[in-house]
Amino acid sequence: MMHSRRIMIHQRRAAVAVLLFAFVAAAAMALMISCGGSPSSSGPGMGSATVSISDPPSCAAPAGNFKSVFVTIRSVQAHISATADPGAAGWQELVPQLVSQPVQLDLLNLPQSGQCLLAQLGSTSSLPVGDYQQIRLILLANNPSGGPLPTSNACASLGQVFNCVVEKNNNVATLNLSSEANTGLKVPPGQILGGPIRVAAGQNVDINLDFDACNSLVQEGNGSFRLKPTLTAGVVSPNTTGISGQVVDSVTKLPIAGAMVALEQNDGTGVDRILFVATADSSGRFNFCPLPLGATFDVVIDAVTGAGLAYNATVVPGIPGGTSLGAVQIVAETGVATGSGVLQGFVTSANGTTGVKITAALSAFQAVTISAATRQITIPLEKTGSQSSTPNISVESISSCPGGSPTGAFCAQYTLVVPASNPNVGTLSGGTITYTAPAAGDVLYSVEAKATSATSPGTPTCTPALQTVNQDTGAMPLKVTPGASTTPKRIDFTACS
């Protein structure tokens, strides 16, 4: 009898233990599901990420040459190694939804009602913790051999094409991709603003990709377009805090529609590089958002009106995210001759006596003094009624090369429309911007060219791959005058492959 009672007690205890274990397991399962995860995608060492994309375009019609730039995204991946190549293990999907359902976006489809983001791409709840130092954006290839396709295709008039541009005249042209269709458009460590993206266990990180579509288009000799990606990324605030303001004439205080506005940062060599660029709207207003947490920028503005009235470049340094600059006054050029200046020169490329096809990115610099230090600022390029800037050129032909070009070299001409005046520097204090007078004397410029592979944009292809000139063809300082064209010294790239 005593033995039977002991057996019954043990059996009851075992049943209670089984029920208790089942209850705890069910509770844990419910908790994971209520948090948006799943038993297989949650666990120690995991965080989550939400990915958005933005693009404050500067080439959109009617002021620019394009109505739309369509790209189809099929994957966004990140890696904790700064040196991992596309074939390395360890790439993590940031937006798993895209793998089964690619999304086509118009990068010139401006957000409405003051929204910051072009689109929310998606999220993941199972991202291993770590400091992510690389991101790559993988596009769906034109004429893909298989795999999922987007639900709609704005490029369908061209056939099995999923990346295209619509020009101002409504012509639809293929946007040719290079190897990035398979390996991914790269956002290397230097283009992740604020440093590596830190993912912590149990926490969400908001990642924004900024796709500068206007500076990513290269028109090739046959009239087609090739994608030369210009991308940055960074952790942003969920409230998408940005830098905003209104560009106005310093005398009339009237807004200046179409002014070019850039956010720049010092690259550590004394050169301010453009990270974001946009065109002020019809009321002269601009708004850059979202911006990386904790970042500060130098705001650089210039303009030329439809009537040809040109303005000095204006620099307001050290502006943090979340700042409203209010009315930013820029000064119209004065004097007998007015109007923008034009820098029009040639780039050549060769390997020995054989021409090599490359892509060259051009920038124009002016010197300013900020905090008692001389710095080169990158001038946002302008467009007049008769001339447009060509910041990206394809060097692919031996025809029309200027006299004295290296034997057998390919060549191409570039055009940079710039202010024919020296910059103003403003200081923001107490909500008010005060300005120093621009430097007197000649208006001097430097022109930089960066050579990259024509088939793998972004990959250096010549030695050296970066060259700067500050002289004209007569070996004199590179001086710009209003309403006139100046020819910089030719830029010759050698040892290209």
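Biologist: Why does Cys411 count as buried?

Modeller: Cys411 has a relative accessibility of 5%. Buried means under 20% relative accessible area, exposed means over 50%, and partly exposed lies in between (1.4 Å probe, protein chains only). Since 5% is under 20%, Cys411 is buried. Do keep in mind that this is a predicted model, where local features need pLDDT of at least 70, side-chain atom pairs count only at pLDDT 80 or more, and totals for chains, interfaces and linings use all residues. Residues are numbered from 1 along each chain as its sequence is written, and side-chain values use heavy atoms, with hydrogens and water left out.

Biologist: What class does Cys401 fall into, and why?

Modeller: Cys401 is partly exposed, because its relative accessibility is 23%.

Biologist: How do you know that Cys401 and Cys411 form a disulfide?

Modeller: Their sulfur atoms are 2.2 Å apart, and a disulfide is a pair of cysteine sulfur atoms within 2.5 Å, so the pair qualifies. The torsion about the S-S bond is -110°, a left-handed link. Cys401 sits in the loop between strand E28 (392-395) and strand E29 (410-418), while Cys411 is in E29, so the bond ties together parts that are ten residues apart in sequence. Strands (E, at least two residues) and helices (H or I, at least four) are DSSP runs, numbered from the N terminus.

Biologist: How many disulfides does the structure hold?

Modeller: There are four disulfides. One of them joins Cys59 and Cys214, with a sulfur-to-sulfur distance of 2.1 Å. Its S-S torsion is about -85°, so this disulfide is left-handed. Cys59 lies in the loop between strand E1 (46-54) and E2, and Cys214 in the loop between strand E13 (204-211) and strand E14 (217-219), so the pair ties together parts that are 155 residues apart in sequence. Cys59 and Cys214 are buried.

Biologist: What makes Cys155 and Cys164 a disulfide, and why is it called left-handed or right-handed?

Modeller: The sulfur atoms of Cys155 and Cys164 are 2.1 Å apart. The torsion about their S-S bond is about -85°, so the disulfide is left-handed. Cys155 and Cys164 are buried.

Biologist: Cys155 also touches Asn163. Is Asn163 buried or exposed, and how do you know?

Modeller: Asn163 is buried, because its relative accessible area is 0%. This residue lies in the loop between strand E7 (134-139) and strand E8 (164-167). Its contacts (heavy atoms within 4.5 Å) include Phe70, Leu139, Asn142 and Leu177, leaving aside residues up to four places away in sequence.

Biologist: What does the side chain of Asn163 reach?

Modeller: It reaches the backbone nitrogen of Thr72, at 2.9 Å.

Biologist: Which residues of the largest nonpolar core touch the most other members?

Modeller: They are Ile53, Ile73, Val76, Leu121, Ile135 and Leu209, in a core of 45 residues. Strand E2 (residues 66-79) supplies the largest share, six residues. A second, separate core has 35 residues, among them Ile377, Leu381, Ala451 and Val480. Such a core is a set of buried Ala, Val, Leu, Ile, Met, Phe, Trp, Tyr and Cys residues joined through side-chain atoms within 4.5 Å. Among the residues that Leu209 touches are Ile53, Val76, Leu121 and Ile135.

Biologist: Which strands does E1 pair with?

Modeller: E1 is joined to strand E5 (residues 119-128) by seven bridges, running antiparallel, and Gly47 stands opposite Leu127 in E5. E1 and E13 pair in the parallel sense, also over seven bridges, with Ala49 opposite Val205 in E13. Two strands pair if DSSP finds at least two bridges between them, so a count of seven passes.

Biologist: What makes E20 and E23 edge strands?

Modeller: The open sheet has three strands in the order E20-E17-E23, with mixed pairing. Strand E20 (285-288) and strand E23 (324-330) each pair on one side only. Strand E17 (residues 243-249) runs parallel to E23, joined by five bridges, and Ser244 has Ser324 as its bridge partner in E23.

Biologist: How many helices and strands are there in the protein chain?

Modeller: The protein chain has three helices and 35 strands, and 47% of its 497 residues count as buried.

Methods: Polar contact = N/O pair within 3.5 Å; in protein donor to acceptor, adjacent residues only side chain to side chain.
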